[in-house]
Amino acid sequence: MSTRKHRVAMIGVGRMGTNHARGYELHPRCELVAAADPDPRNLDLFRERFGISTVYKDYRDMLAKEEIDIAAPVLPVSVNPEVVIACAEAGVRAIFSEKPIAASLEEADRMVEACRSRGIPFASGDAWRNLPQFWQFRNMIDRGEVGEVRSINVYHPHDEISGGGCQSLGVMRLMAGDADVDWVVGWVKDDPFDDGDQGMGGVVRFKNGIEAFIHMNAVGKFGIEVNTSSAVFFSDWKTFRLWPLPDDAPYATVWPDNEVPGIFEAAANSADPYGEDGRRLPQFRQRSSINAIVEALEEGREPWTSGDNMRKALEIGIALRESHRRGHVPVKLPIENRSLRILPRPGRWLNKREVYGDEWYEDAMSAHQRP
């Protein structure tokens, strides 16, 4: 393997873009080389914090002039598709954008195809699916150590199935072996005829026979539960726990005292979120997500949270809503009408400075430095 560091170029260096840039800055196999942002205030802060003088107001100029290994567009969803496709067409070696991937299935299709046809690893989202503990458990399933997956419970009491829920849907897909979905029956929290993002629940039947249940309302659990033929796995996205089933399963109760300790490390964050230099440190999920795209690039494979995964998570969310619109009938996947969409909340769809105002935005940007 070459000892040359991967050249990373940021597109969007606002609140989340700065988080990503810090993750790349601290990764031993990456080097920040350039950034683009139409907001000169963001560029000034980026130069000050990262010591990078090669900055552009227009990302297209940067793509034309710079040699880029990893393009990192961290942008409002409204412009994410066009920028990701432009990065692919410019010939970058890998792309890591934020979530959700897009509003419509048609946009997501074009993004995935633009990257796949060129052999470009495309990751979408600083997401729970990038936590290595989930892949550790998935490998235990594949090796036959915990039996076969029978059902999955997703406890997701949020008001966004796309903006935030795409994370749990991605982990749900992983635990189902990333199998194709056969059909979905679902319901929404507010208005099934509103294209806006909202809370949703339902049943997902995978073609391999695994059933998943998405719990929309708040209950005593928050996270994901995987029921196999010989064990129960649960994660609250920070801790990861495993209980073997007794011999008289499936009707036996899983008691807390038979938990197997020490299998999984917790997704621990730093006690102090700031480093010795007073700048915010990337936390566990962020570090895992950055490392996932680096390894995908080096190994020539799909990232753990790929654009294709996020496209399919979006499709599941749309299918839940379409089922409600049609009287809660099963909706078969793939969905034929690719123009269907879930419109993200304004703070994800548009620039946050535009949505929340200068005062809120400047406070958010200042939080990257110790008060």
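How much space lies in the second largest pocket? The notes below start there and then walk through the rest of this predicted model.

1. The second largest pocket holds about 200 Å³ of space. Its lining has 13 residues, and those closest to its centre are Asp 180, Lys 312, Glu 315, Leu 333 and Pro 334. A pocket here is an open set of points on a 1 Å grid over the protein atoms alone, with protein on both sides within 12 Å along at least five of seven lines, and lining residues have an atom within 4 Å of a point. Grid points are joined across faces, edges and corners, and a volume is the space filled by probe spheres set on the points.

2. Helix H9 (residues 307–325) gives the most to that lining, with four residues. Helices (H or I, at least four residues) and strands (E, at least two) are DSSP runs, numbered from the N terminus. By type, the lining of the second largest pocket has five nonpolar, no polar and eight charged residues. Nonpolar covers Ala, Val, Leu, Ile, Met, Phe, Trp, Tyr, Cys and Pro; charged covers Asp, Glu, Lys and Arg; the others, Gly among them, are polar.

3. A cavity is a set of points where a 1.4 Å probe fits but cannot get out, and the count comes to three cavities of 30 Å³ or more. The largest cavity has about 60 Å³ of space; among the residues lining it are Val 112, Cys 115, Arg 116 and Asp 308. Helix H5 (105–116) and H9 each supply at least two lining residues, with the largest share, three residues, coming from H5. This lining divides into four nonpolar, two polar and three charged residues.

4. Eleven aromatic pairs turn up in the whole structure. Phe 134 and Phe 233 form an edge-to-face pair, 6.3 Å centre to centre with 70 degrees between the planes. Phe 134 is in helix H6 (residues 132–142) and Phe 233 in strand E12 (residues 231–235), so this pair ties together parts that are 99 residues apart in sequence. Rings of Phe, Tyr and Trp (its six-membered ring) pair if their centres lie within 6.5 Å; planes under 30 degrees apart are stacked, over 60 edge-to-face, and the rest tilted.

5. Phe 134 is buried at 0% relative accessibility, and Phe 233 is buried with a relative accessible area of 0%. Buried means under 20% relative accessible area, exposed over 50%, and partly exposed in between (1.4 Å probe, protein chains only). Phe 134 also pairs edge-to-face with Trp 237, with ring centres 5.8 Å apart and planes at 65 degrees. Trp 237 counts as buried at 5% relative accessibility. Phe 134, Phe 233 and Trp 237 belong to one aromatic cluster that also includes Trp 128 and Phe 264.

6. Elsewhere, the charged end of Arg 279 sits over the ring of Phe 50, 4.7 Å from its centre. The rule asks for NZ of Lys or CZ of Arg within 6 Å of the ring centre and within 35 degrees of the ring normal.

7. Helix H8 (residues 284–299) is followed by Gly 300, whose phi is positive, near 65 degrees. Among the buried residues of H8 are Phe 284, Ile 290 and Leu 297.

8. A word on conventions: residues are numbered from 1 along each chain as its sequence is written. Local features need pLDDT of at least 70 and side-chain atom pairs pLDDT 80 or more, while totals for chains, interfaces and linings use all residues, and side-chain values use heavy atoms, with hydrogens and water left out.

Definitions and conventions: The expected span of a helix is 1.5 Å times one less than its number of residues.
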